[in-house]
Amino acid sequence: MVKHTALQVRLWLAVLCISVFMNACGKGEEPTAKTEAPIAVKVATLSSGQVQSSSEFVGTLEAAKLVNVKPEIQGQIQQILVQPGDRVEKGTPMLILKPDQTVPQFQSAQVGVANAKTAREAAVREREVAAAQLATAQSDLELAETNFGRAKYLLDQGAIGQFQYDQAKNNLDGARNRLKSAKDKLRVAEVGIKQAEGNIQQAQAQADVARVSVGFKQIVSPMAGIIGDIPVKTGDYVTTGQTVTTITQNQELDLRLSVPSNDNSRLRLGLPVELIDPNTRQKIATGSINFISPNVNTQGQSILVKARFQNQNGQLKNGQFVKANIIWGQNSGILVPITAVTRTGNQGFVFVVNQNAKDQQAQTVAEQRPVTLGEVKGDQYEIIQGIKPGEQIVVSNILKLRNGAPIQPQS
């Protein structure tokens, strides 16, 4: 009984060893290679479009029309009628100066004009009297000449004596003297009129000057626009030529740019210019070049260029510092997002979507391809060489990719 049990044990041990051996042989087989999981990415299909050739500059905006308001005479400010930021029309009263001696001077000048006119009226009357006297003297002279001729004839005939002749001659001499005196009086009267007219002109000129001085006490807007800062206050004493405020028209602004003289051959009137928001890099306004200086700045070897912009919405300000692009021209090209480009030194790369055959199955992979980069256009790179329209590139998760890595394009 015991022997039989021992035999059974040996048999079971033999079976167990065979089983263990078979399992060991099975586990010794080589494992299957692990497959790389594809990376989820977004892709974009390239297309050809118009790419602008441009250069970026910085410059300062200045209002096309800006006037410094200055009083024509000195005086104390009596009243300020406007506030900074007010929009005014041409001729709008803004400040009033205290009327010191200008009003009495104007009133005195007006009296002088009235006196000069009275003197002229008197001179005119004197001329009228002198003219009447001249006419009478002329008539008397003609009668005296007739009587003298008759007396001379009668004296020669012996019809009258020497006394009657001498009396006729004296009458003739007296008539001639009276005529001469009447002519002199008329001449004096005419001179008096001319002098009176000169006095009127002089008095009127003085009155006009005084009137202007009185008018200058009211400072008015020289043009329509927006009032700037008013650095003076009521009671301040201002002098001739002192700026009391500014009037600005912001409907149009000019951008001053210093363009390198090397670009002189490309400069021309009418070239488009874009204003760029320095934060968002978005275009905020478009204008055109309206002035090119004929001279080159010898220190910076630059050319002063101005571009005019319309400012209907008022977002642009006089004196604002901005970035701008001068658009030299347009040509056909390819633009890709900046986020799709990697750089190693000066070399740029993009990942192009490609199909790779593996185990007789097509697999989508990312092919790293070198490209020639052009200018940055907002948030895009211009690609000069290396890819062509119709190809697809990866635009997300590019930092997780390597050349030939499997990818899973997503919409």
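Modeller: Gladly; what follows is a set of questions and answers on this predicted model.

Biologist: Let's begin with I230. Is I230 buried or exposed?

Modeller: I230 is found in the loop between strand 7 (225-227) and strand 8 (237-238). Its relative accessible area is 12%, and the cut-off for this class is under 20%. So I230 is buried.

Biologist: Now for charged pairs. How many salt bridges does a search of the whole structure find?

Modeller: A pair counts when a side-chain nitrogen of Lys or Arg is within 4 Å of a carboxyl oxygen of Asp or Glu. Searching the whole structure gives a total of 14.

Biologist: How many residues apart in sequence are the parts that D254 and R308 tie together?

Modeller: D254 lies in strand 9 (residues 245-260) and R308 in strand 12 (residues 302-310), so the pair ties together parts whose separation in sequence is 54 residues.

Biologist: Which of these two counts as buried?

Modeller: R308 has 29% relative accessibility, so R308 counts as partly exposed. D254 has 7% relative accessibility, and therefore the buried one is D254.

Biologist: Which residues do salt bridges that share partners join into one network?

Modeller: R369 forms a salt bridge with E367, their closest N and O atoms being 3.5 Å apart. E391 forms another with K388, at 3.7 Å between the closest N and O atoms. Through shared partners, salt bridges make one network of E367, R369, K388 and E391.

Biologist: Last one: which residue's backbone nitrogen lies 3.3 Å from a polar atom of the side chain of N311?

Modeller: N311 sits in the loop between strand 12 and strand 13 (321-337), and N311 is buried at a relative accessible area of 5%. Leaving aside neighbours within four places in sequence, N311 is in contact with N250, Q251, L253 and L316. The backbone nitrogen at 3.3 Å from the side-chain polar atom of N311 belongs to Q315.

How values were computed:
Residues numbered from 1 in each chain as written. Predicted model: local features only at pLDDT ≥ 70, side-chain atom pairs only at ≥ 80, totals over all residues. Heavy atoms only, no water. Helix = DSSP H or I, 4+ residues; strand = E, 2+ residues; numbered from the N terminus. Buried < 20%, exposed > 50% of the residue type's maximum accessible area, 1.4 Å probe, protein only. Polar contact = N/O pair within 3.5 Å; in protein donor to acceptor, adjacent residues only side chain to side chain. Contact = heavy atoms within 4.5 Å.
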